[in-house]
Amino acid sequence: MDYSLVLLFFLFQALSMGTAAPLPVEVVTMKSKVKWMAEQLLVRLDKDIQVPVNWTLNPPTDDLDGTSSIVTVLNGYNSLISDTFNGVSQIKYDISSLAGYIDPWRQRHCSQQRPKPEVPGPLQELQSHKEFIHTVGIEALMRVKEFLNRLLKNLDQLETC
């Protein structure tokens with residue numbers, strides 16, 4: 001009996017088990033759109049916002065734990081950005097648009113709704129200093145920039161509710 005056919009069949013079976021299932025088109029489309037929106041927002045932040053040269057962020061970073069936390073962080077920082085900064089209105093609109101794109105997608109595609117995430121520590125700390133409107137606004141802009149860079153490196157977090 002010729003075993004080459006059996007061996008070939010077994011080899012095809014083993015290879016088919018080792019490959020991952022493709023992502024649904026909706027997920028790929030959503031990730032592409034979020035990536036594009038985040039990249040455009042980063043370009044706008046770099047172009048329109050002048051940050052003092054010696055400005056540094058405190059070390060803690062915000063959690064990147066699925067779509068719920070992403071929306072919470074984006075909306076939280078957006079609320080802290082002062083409208084008095086020159087060129088900031090379009091940035092605030094873009095942040096709202098990004099969060100406004102992710103949140104309805106999450107609501108439609110996450111069958112098990114997670115409880116609303118707590119406000120992350122760094123955002124909560126910044127919210128407690130609202131009286132320093134300009135400093136908090138600049139810090140919020142810088143944290144959005146940092147958060148978007150992390151999001152772009154971890155787009156798979158968009159698949160988590």
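## Helix 2

Helix 2 has 24 residues. From its first C-alpha to its last, this helix reaches 34 Å, close to the 34 Å expected at 1.5 Å a residue. The model is predicted.

Several residues of helix 2 are buried: Val27, Met30, Lys31, Val34, Met37, Ala38, Leu41, Leu42 and Leu45. Their cover includes helix 4 and helix 6.

## The chain as a whole

The chain has six helices and zero strands. From the N terminus on, its elements run α-α-α-α-α-α. Of its 161 residues, 36% are buried. The chain exposes about 10100 Å², and carbon and sulfur atoms supply 57% of that area.

Take the contacts between residues at least 6 apart in sequence: 86% of them join residues at least 24 apart.

## The nonpolar core

In soluble globular proteins, nonpolar side chains tend to be buried together. Here the largest nonpolar core holds 38 residues. Leu45 and Leu148 touch the most other members. Helix 2, helix 3, helix 4, helix 5 (121–127) and helix 6 (133–153) each supply at least two residues of this core. Helix 6 gives the most, with nine residues.

Leaving aside neighbours within four places in sequence, Leu148 is in contact with Ala38, Leu41, Leu42, Leu45, Leu74 and Leu98.

Helix 3 covers residues 66–80, 15 residues in total. It reaches 22 Å from its first C-alpha to its last, close to the 21 Å expected. Because 13 of its 15 residues are buried, helix 3 is largely enclosed by the rest of the structure.

Ser82 sits in the loop between helix 3 and helix 4 (88–109). Is Ser82 buried or exposed? Ser82 is buried, because its relative accessible area is 5%, under the 20% cut-off. The side chain of Ser82 makes a polar contact with the side chain of Thr84, at 2.6 Å. Not counting residues up to four places away in sequence, Ser82 touches Val88, Ile133 and Gly137.

## Salt bridges

Side chains of opposite charge can pair when their charged atoms come close. The count for this model comes to nine salt bridges. In one of them, Arg44 pairs with Asp94, the closest N and O atoms being 2.7 Å apart. Arg44 lies in helix 2 and Asp94 in helix 4, so this pair ties together parts that are 50 residues apart in sequence. Arg44 is partly exposed, with a relative accessible area of 25%, whereas Asp94 is buried at 15%.

Asp46 forms a salt bridge with Lys145, with closest N and O atoms 2.5 Å apart. Asp46 belongs to helix 2 and Lys145 to helix 6, so the pair ties together parts that are 99 residues apart in sequence. Asp46 is partly exposed at 47% relative accessibility. Lys145 is also partly exposed, at 25%. Another salt bridge joins Asp83 and Lys92, whose closest N and O atoms are 3.2 Å apart. Asp83 counts as exposed at 61% relative accessibility, but Lys92 counts as buried at 16%. Glu139, Arg143 and Glu146 are linked in a network of salt bridges.

How values were computed
Residues numbered from 1 in each chain as written. Predicted model: local features only at pLDDT ≥ 70, side-chain atom pairs only at ≥ 80, totals over all residues. Heavy atoms only, no water. Helix = DSSP H or I, 4+ residues; strand = E, 2+ residues; numbered from the N terminus. Expected span 1.5 Å × (residues − 1). Buried < 20%, exposed > 50% of the residue type's maximum accessible area, 1.4 Å probe, protein only. Polar contact = N/O pair within 3.5 Å; in protein donor to acceptor, adjacent residues only side chain to side chain. Contact = heavy atoms within 4.5 Å. Core = buried A, V, L, I, M, F, W, Y, C linked by side-chain atoms within 4.5 Å. Areas by Shrake-Rupley, 256 points an atom, 1.4 Å probe, with all protein chains shown as cover. Salt bridge = Lys/Arg side-chain N within 4 Å of Asp/Glu carboxyl O.
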